[in-house]
Amino acid sequence: MQGETAAALRVPESEAKLEVFPQSRTPSIKGWQYSDHMENIHGYLMKYTNLVTGWQYRFFVLNNEAGMLEYFVNEQSRPQKARGTLALAGAVISPSDEDSHTFTVNAISGEQYKLRATDAKERQHWVSRLQICTQHHTEALGKSQTPSKSRSFSTVSQGSGSSPLAQRRASQTGASSSYFSLTHKGSSLYSSRKSLLPDHLLDAREMMVQAQGQHKDLIQSIEGLPPVPGFSPLDQDLLMLKATSMATMTCLHDCLHILHLQQLARHHSALAGPNVEWLEPKMADILKNGGSGGSLGGFSTNDGLQEESRLELSTPESCSFSGELEEVDAEEEVEDSFVEREEELGAVEEERSVILHLLSQLKLGMDLTRVVLPTFILEKRSLLEMYADFMSHPALFLAVADGDTPEDRMVRFVEYYLTSFHEGRRGAIAKKPYNPIIGETFHCSWRVPRTPGPEAPDTPPGPQDAAHQVRFVAEQVSHHPPVSGFYAECPEKRVCVNTHVWTKSKFMGMSIGVSMVGEGCLYLLDHDEEYTFTLPCAYARSILTVPWVELGGKVLVTCAKSGYSAVITFHTKPFYGGKLHKVTAEVKHSATSVVACRVQGEWNGSLEFSYPAGHSRLVDVTKLPVCRKHVRPVARQGPTESRRLWQHVTEALRQKDMEKATEHKRILEERQRMEERHRTDADAPWKTRYFESEGDAWVYHKPLWKNPPFKS
């Protein structure tokens, strides 16, 4: 490109474009290479906003003369007042590491725009133009200010005037030094922030300006090299040097921005009381505890609804894991009297634009593990609690051990397995449970009435004899990949089950598919039998209208000792005809291929069990009695227990305050990412509490089969 240039970049919107109007007639560098002239550019970008809990296309204008980034609803509304403006003086422009399209604009005021371009080239052009404008107005602001007489950022007052850094400062004029003299009373932009920036942060900002200038000089020197045979600006080593310099500057900008946000958080805390300081590193805790997980908490012990829908961010609390086990007292658990039923989503007209914008960024088969989905599709429970709800018919779980023959026990297990999904899903509407935070746990139990014995039928049962107790514990043992482990046992019946699941989701056009990678094993100690099983895939269909859940795929259940196996097939509905939620199963003896039982029906409706002798029986899943789980009140739970960890997100969803729910969810996820970086920097591997890695599996640390109770 030479002279005045107008570049149009195609984005998904038909009218979306990026136009470039150079303010200088200096020939621009060909392609997307670095150029230091300022340009007024405008075009469509996607902007993330909590107001609609998602991404929306907005028309952005970079006004170089004013040093402002403005945005409008669309290009037609440009003559009207801008929907939002951001001053670029002192701002930090940071490409995101989430993907190659996203970047952030972080103003000195603490306001942030999270933006997404169509592709990597468009992002690079916006980032480079914004950085040039930011540097220009930052330096201009410094030149217009007079150094403060009462206080200088120089370290002379601290007894370090003879240092090389102080000597360099003394020799500087204008741009960087006066810009960072933030105590000047005539500075309207920074006078209100002077208490937020201690000397060390001012020093860092000054050095950043110097480094940015040196980076620009380096790039210009390389690109200005005369063409010499055998040597050019495109030399591989020079290109690597440019890339390394750019990456270093980006990293330093990000670090400085984090420090600035910490100062804002401390200042806000001093003025407005306790607040979440999720940006505060917990390195001392991590190193003290041998890198065993740091702190994930950050939430108060309040266990009540906030007044008049007010849901403030709570005070951080110390919850260092240290690999310590939490012994849960069953006496503290109470019956879960409140059942969180999800509302019908109905037609999602209000959120259609959010979903369409999300879909425009996805490709068929794309892994959605790290994609942030809109808050309004969330269930009000964690994935760990959803796994516990699969045990809502514990009597059928315990009844497997009561079978008289291996054949009967396999049929009983298939019955329990097929009846677990209906209550676990809480209806057919497709909503997504919270992604568990690494180290998150969930404990609960069930009280299962005993079957009356033949002796002393008129003797009333004592408190300990009134019911069997089934204990359940789940833990998120890995973040990447997201792996959950859960374990349930009834020592009295000498029955337990251990399962580990890795959820993998992918985009399938108008559906989202979730594969449940992993394996479970049921142990019947009295019979010395182990039943291994897998889990079906789940699909969220019709995501643009009324999303609904469908299960699909084949599941294999095997018992090596008895030789019996079962093949369970969850049938997805064909495009034309067919039934919803259809499931079939066949139980047979593997060695002889003799069929013991066949099952057909719907996993969320009626199931028919047919036997070779000619008789059959029906099981209506919707009419099975649901056994309420027992859970400790939130106030008595540990800080990493699911309900306590997500309590503010859940309450905001109950109040239908999506903006507040999104903010609380973001704080949890940001803390998880930051602490993972800290563990990486400290070379401190994550240590689980309840589950241990055995090959590709995760096994409960004290399983019943390793410590079997005495058989009465």
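Reader: Is R541 buried or exposed?

Author: Burial is judged by relative accessible area: buried means under 20%, exposed over 50%, and partly exposed in between, with a 1.4 Å probe and protein chains only. R541 has a relative accessible area of 16%, so R541 is buried. Please note that this is a predicted model, in which local features need pLDDT of at least 70 and side-chain atom pairs count only at pLDDT 80 or more, while totals for chains, interfaces and linings use all residues. Residues are numbered from 1 along each chain as its sequence is written, and side-chain values use heavy atoms, with hydrogens and water left out.

Reader: With which residue does R541 form a salt bridge?

Author: Side chains of opposite charge can pair when their charged atoms come close. A salt bridge is a side-chain nitrogen of Lys or Arg within 4 Å of a carboxyl oxygen of Asp or Glu. Here R541 pairs with E550, the closest N and O atoms being 2.8 Å apart. E550 is buried, at a relative accessible area of 1%. By this rule, the count comes to 23 salt bridges.

Reader: Where in the chain do E415 and R617 lie?

Author: Helices (H or I, at least four residues) and strands (E, at least two) are DSSP runs, numbered from the N terminus. The side chains of E415 and R617 form a salt bridge at 2.8 Å, N to O. E415 belongs to helix α10 and R617 to strand β24 (residues 616–620), so the pair, 202 residues apart, links distant parts of the chain. E415 counts as buried at 12% relative accessibility, whereas R617 counts as partly exposed at 30%.

Reader: How many residues does the largest nonpolar core have?

Author: A nonpolar core is a set of buried Ala, Val, Leu, Ile, Met, Phe, Trp, Tyr and Cys residues joined through side-chain atoms within 4.5 Å. The largest one has 58 residues, and Y387, F472, I568 and F570 have the most contacts inside it. Helix α10 (residues 406–425) gives the most to this core, with 8 residues. A second, separate core has 19 residues, including I41 and W126.
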